[in-house]
Amino acid sequence: TDETSFYYDAVLWAYYRTPDQITAGSDYNEDGELVFNADGLCSRGQVVTFLWRAAGCPEPILKVCPFKYVVNEGECGYYYKAILWAYERGIAKGFTEDTFCPFDPVTRAQFVTFLYRFVDEPEATRDLSFFSDWEDVEDCFTDSMSWAVANGIILGYDGITLRPNETCFRWTVVTILSRVTDEIPS
(Lines give C-alpha, C1' and ligand atoms only; values in the text may rest on other atoms or scores of the structure.)
Protein backbone atom coordinates (compact mmCIF):
# COMPACT_ATOMS: atom_id res chain seq x y z
CA THR A 1 0.00 0.00 0.00
CA ASP A 2 1.33 3.37 -1.04
CA GLU A 3 2.13 5.67 1.89
CA THR A 4 0.57 8.60 0.03
CA SER A 5 -2.85 6.96 -0.38
CA PHE A 6 -5.63 8.49 1.69
CA TYR A 7 -6.46 5.08 3.20
CA TYR A 8 -2.88 4.33 4.32
CA ASP A 9 -3.59 5.07 8.01
CA ALA A 10 -6.68 2.85 7.93
CA VAL A 11 -4.64 -0.04 6.52
CA LEU A 12 -2.04 0.44 9.27
CA TRP A 13 -4.84 0.53 11.86
CA ALA A 14 -6.26 -2.75 10.53
CA TYR A 15 -2.84 -4.41 10.51
CA TYR A 16 -1.51 -3.19 13.86
CA ARG A 17 -4.75 -3.12 15.84
CA THR A 18 -4.47 -4.83 19.20
CA PRO A 19 -5.44 -7.08 20.76
CA ASP A 20 -6.94 -8.49 17.58
CA GLN A 21 -5.62 -7.68 14.14
CA ILE A 22 -8.40 -6.91 11.65
CA THR A 23 -6.45 -8.15 8.63
CA ALA A 24 -2.87 -9.16 7.96
CA GLY A 25 -3.07 -8.85 4.21
CA SER A 26 -4.30 -11.02 1.43
CA ASP A 27 -1.33 -12.29 -0.54
CA TYR A 28 2.41 -12.17 -1.08
CA ASN A 29 4.19 -10.34 -3.87
CA GLU A 30 7.03 -11.75 -5.98
CA ASP A 31 9.54 -10.66 -3.30
CA GLY A 32 7.70 -12.67 -0.65
CA GLU A 33 6.35 -9.55 1.06
CA LEU A 34 2.84 -9.54 2.45
CA VAL A 35 0.55 -7.18 0.52
CA PHE A 36 -2.77 -5.70 1.52
CA ASN A 37 -4.36 -5.80 -1.96
CA ALA A 38 -6.24 -2.55 -1.43
CA ASP A 39 -8.19 -2.86 -4.67
CA GLY A 40 -9.28 -6.44 -3.98
CA LEU A 41 -13.00 -6.94 -3.58
CA CYS A 42 -14.40 -7.94 -0.20
CA SER A 43 -16.85 -10.76 0.30
CA ARG A 44 -19.67 -10.98 2.85
CA GLY A 45 -17.65 -13.57 4.79
CA GLN A 46 -14.59 -11.32 4.91
CA VAL A 47 -16.43 -8.29 6.26
CA VAL A 48 -18.17 -10.18 9.06
CA THR A 49 -14.78 -11.67 9.92
CA PHE A 50 -13.28 -8.16 10.12
CA LEU A 51 -16.16 -7.13 12.43
CA TRP A 52 -15.73 -10.28 14.53
CA ARG A 53 -12.04 -9.50 14.97
CA ALA A 54 -12.86 -5.89 15.84
CA ALA A 55 -15.11 -7.27 18.61
CA GLY A 56 -12.24 -9.36 19.98
CA CYS A 57 -13.02 -12.71 18.31
CA PRO A 58 -15.73 -13.74 20.79
CA GLU A 59 -16.57 -17.43 20.89
CA PRO A 60 -20.04 -17.93 19.41
CA ILE A 61 -22.64 -19.79 21.46
CA LEU A 62 -24.07 -21.53 18.39
CA LYS A 63 -22.15 -24.53 17.17
CA VAL A 64 -24.17 -25.21 14.03
CA CYS A 65 -24.79 -22.54 11.43
CA PRO A 66 -28.42 -21.85 10.51
CA PHE A 67 -27.47 -20.92 6.95
CA LYS A 68 -27.44 -23.57 4.23
CA TYR A 69 -24.07 -24.26 2.65
CA VAL A 70 -22.08 -22.55 5.43
CA VAL A 71 -19.93 -25.33 6.88
CA ASN A 72 -16.89 -25.39 9.13
CA GLU A 73 -14.51 -26.78 6.53
CA GLY A 74 -12.61 -25.72 3.45
CA GLU A 75 -12.61 -22.04 2.56
CA CYS A 76 -15.89 -21.51 4.39
CA GLY A 77 -14.27 -22.71 7.64
CA TYR A 78 -12.20 -19.54 7.66
CA TYR A 79 -15.36 -17.47 8.19
CA TYR A 80 -17.43 -19.99 10.16
CA LYS A 81 -17.11 -18.63 13.72
CA ALA A 82 -17.47 -15.06 12.51
CA ILE A 83 -20.69 -15.91 10.65
CA LEU A 84 -22.10 -17.72 13.71
CA TRP A 85 -21.24 -14.73 15.90
CA ALA A 86 -22.67 -12.23 13.40
CA TYR A 87 -25.90 -14.23 13.19
CA GLU A 88 -26.21 -14.42 17.01
CA ARG A 89 -25.71 -10.67 17.35
CA GLY A 90 -28.21 -9.89 14.59
CA ILE A 91 -25.48 -8.31 12.46
CA ALA A 92 -25.88 -10.74 9.59
CA LYS A 93 -29.43 -11.81 9.01
CA GLY A 94 -28.55 -13.55 5.79
CA PHE A 95 -28.88 -12.87 2.11
CA THR A 96 -32.19 -14.67 2.44
CA GLU A 97 -33.66 -16.22 5.56
CA ASP A 98 -31.58 -19.39 5.28
CA THR A 99 -28.60 -18.39 3.09
CA PHE A 100 -25.62 -16.19 3.81
CA CYS A 101 -23.56 -16.36 0.59
CA PRO A 102 -20.16 -15.81 2.28
CA PHE A 103 -18.26 -15.64 -1.00
CA ASP A 104 -20.55 -13.11 -2.68
CA PRO A 105 -19.15 -9.60 -2.96
CA VAL A 106 -20.47 -7.17 -0.34
CA THR A 107 -21.89 -3.84 -1.45
CA ARG A 108 -21.26 -0.57 0.34
CA ALA A 109 -24.88 -0.49 1.58
CA GLN A 110 -24.68 -4.09 2.84
CA PHE A 111 -21.41 -3.47 4.68
CA VAL A 112 -22.68 -0.24 6.24
CA THR A 113 -25.76 -2.14 7.39
CA PHE A 114 -23.62 -4.85 9.03
CA LEU A 115 -21.63 -2.09 10.70
CA TYR A 116 -24.78 -0.24 11.79
CA ARG A 117 -26.11 -3.40 13.44
CA PHE A 118 -22.67 -4.01 14.94
CA VAL A 119 -22.86 -0.70 16.84
CA ASP A 120 -26.42 -1.48 17.99
CA GLU A 121 -28.33 0.60 15.42
CA PRO A 122 -27.97 4.09 16.90
CA GLU A 123 -30.62 6.57 15.90
CA ALA A 124 -29.57 9.09 13.31
CA THR A 125 -31.37 10.91 10.60
CA ARG A 126 -29.83 12.57 7.64
CA ASP A 127 -31.36 13.62 4.40
CA LEU A 128 -29.55 11.63 1.75
CA SER A 129 -30.99 13.70 -1.11
CA PHE A 130 -27.81 15.79 -1.18
CA PHE A 131 -26.21 12.84 -2.99
CA SER A 132 -27.02 12.56 -6.68
CA ASP A 133 -27.61 8.79 -6.41
CA TRP A 134 -29.62 8.79 -3.16
CA GLU A 135 -32.54 7.06 -4.89
CA ASP A 136 -30.27 4.04 -5.47
CA VAL A 137 -30.33 3.36 -1.70
CA GLU A 138 -32.88 0.60 -1.16
CA ASP A 139 -35.38 1.17 1.63
CA CYS A 140 -33.84 -1.58 3.78
CA PHE A 141 -30.53 0.34 3.79
CA THR A 142 -31.84 3.87 4.35
CA ASP A 143 -31.43 3.95 8.16
CA SER A 144 -27.91 2.55 8.09
CA MET A 145 -26.74 4.78 5.24
CA SER A 146 -28.35 7.80 6.92
CA TRP A 147 -26.51 6.96 10.17
CA ALA A 148 -23.22 6.52 8.32
CA VAL A 149 -23.53 9.83 6.48
CA ALA A 150 -24.68 11.73 9.61
CA ASN A 151 -21.64 10.46 11.53
CA GLY A 152 -19.00 10.99 8.83
CA ILE A 153 -18.50 7.26 8.34
CA ILE A 154 -19.51 7.46 4.70
CA LEU A 155 -18.34 10.65 3.04
CA GLY A 156 -19.39 9.81 -0.47
CA TYR A 157 -17.28 9.93 -3.59
CA ASP A 158 -16.30 13.53 -4.22
CA GLY A 159 -19.04 14.35 -1.70
CA ILE A 160 -21.75 13.84 -4.31
CA THR A 161 -22.36 10.09 -4.76
CA LEU A 162 -22.93 7.29 -2.27
CA ARG A 163 -22.57 4.36 -4.69
CA PRO A 164 -24.57 2.06 -2.38
CA ASN A 165 -24.60 -0.86 -4.82
CA GLU A 166 -20.88 -0.75 -5.61
CA THR A 167 -18.85 -3.69 -4.35
CA CYS A 168 -16.56 -2.80 -1.45
CA PHE A 169 -12.84 -2.81 -2.00
CA ARG A 170 -10.58 -3.87 0.87
CA TRP A 171 -9.45 -0.27 1.33
CA THR A 172 -13.09 0.82 1.57
CA VAL A 173 -13.89 -1.67 4.32
CA VAL A 174 -10.91 -0.87 6.55
CA THR A 175 -11.37 2.87 6.01
CA ILE A 176 -15.04 2.77 6.97
CA LEU A 177 -14.41 0.41 9.89
CA SER A 178 -11.56 2.56 11.21
CA ARG A 179 -13.93 5.52 11.41
CA VAL A 180 -16.08 3.82 14.07
CA THR A 181 -13.37 2.56 16.40
CA ASP A 182 -14.78 4.53 19.34
CA GLU A 183 -18.20 2.93 18.88
CA ILE A 184 -17.05 -0.69 18.63
CA PRO A 185 -18.73 -2.68 21.41
CA SER A 186 -16.47 -4.85 23.51
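Biologist: Which helices do the buried residues of helix 5 pack against?

Modeller: The buried residues of helix 5 pack against helix 2, helix 4, helix 6 and helix 7, where contact means heavy atoms within 4.5 Å. Helices here are DSSP runs of H or I with at least four residues, strands are runs of E with at least two, and both are numbered from the N terminus. This is a predicted model, in which local features need pLDDT of at least 70 and side-chain atom pairs count only at pLDDT 80 or more, while totals for chains, interfaces and linings use all residues. Residues are numbered from 1 along each chain as its sequence is written, and side-chain values use heavy atoms, with hydrogens and water left out.

Biologist: What makes helix 5 mostly covered?

Modeller: Eleven of the eleven residues in helix 5 are buried, including Arg-108, Gln-110 and Arg-117. Buried means under 20% relative accessible area, exposed means over 50%, and partly exposed lies in between, with a 1.4 Å probe and protein chains only.

Biologist: Why is helix 5 called roughly perpendicular to helix 6?

Modeller: The axes of helix 5 and helix 6 (residues 142–150) come within 9 Å and cross at roughly 80 degrees. Angles of 65 to 115 degrees count as roughly perpendicular, under 35 as roughly parallel, over 145 as roughly antiparallel and the rest as oblique, so helix 5 is roughly perpendicular to helix 6. Axes are lines fitted to C-alpha atoms, for helices over the stretch in contact, and angles run from 0 to 180 degrees between N-to-C directions.

Biologist: Which residues make the contact of helix 5 with helix 6?

Modeller: Ala-109, Val-112, Thr-113, Leu-115 and Tyr-116 in helix 5 meet Asp-143, Ser-144, Met-145, Trp-147 and Ala-148 in helix 6. The residues of this contact divide into seven nonpolar, two polar and one charged, with Ala, Val, Leu, Ile, Met, Phe, Trp, Tyr, Cys and Pro counted as nonpolar, Asp, Glu, Lys and Arg as charged, and the others, Gly among them, as polar.

Biologist: How do you know that helix 2 and helix 4 are roughly perpendicular to each other?

Modeller: Their axes come within 8 Å and cross at roughly 75 degrees, and helix 2 and helix 4 are therefore roughly perpendicular to each other.

Biologist: Which residues of the largest nonpolar core touch the most other members?

Modeller: Among the 58 residues of that core, these are Phe-111, Phe-114, Leu-115, Phe-118 and Leu-177; a nonpolar core is a set of buried Ala, Val, Leu, Ile, Met, Phe, Trp, Tyr and Cys residues joined through side-chain atoms within 4.5 Å. The largest share of this core, seven residues, comes from helix 5. Leaving out residues up to four places away in sequence, Phe-111 touches Val-47, Val-106, Cys-168, Val-173, Ile-176 and Leu-177.

Biologist: Why does Ser-43 count as buried?

Modeller: Ser-43 has 8% relative accessibility and therefore counts as buried, although its place is in the loop between strand 2 (34–35) and helix 2. A polar atom of its side chain lies 3.1 Å from the backbone oxygen of Pro-102.

Biologist: And what makes Asp-139 exposed?

Modeller: Asp-139 has a relative accessible area of 73%, and it is therefore exposed. Asp-139 is found in the loop between helix 5 and helix 6.

Methods. A polar contact is a pair of N or O atoms within 3.5 Å; within protein, one must be able to donate a hydrogen and the other to accept it, and residues adjacent in sequence count only if both atoms are side-chain atoms.
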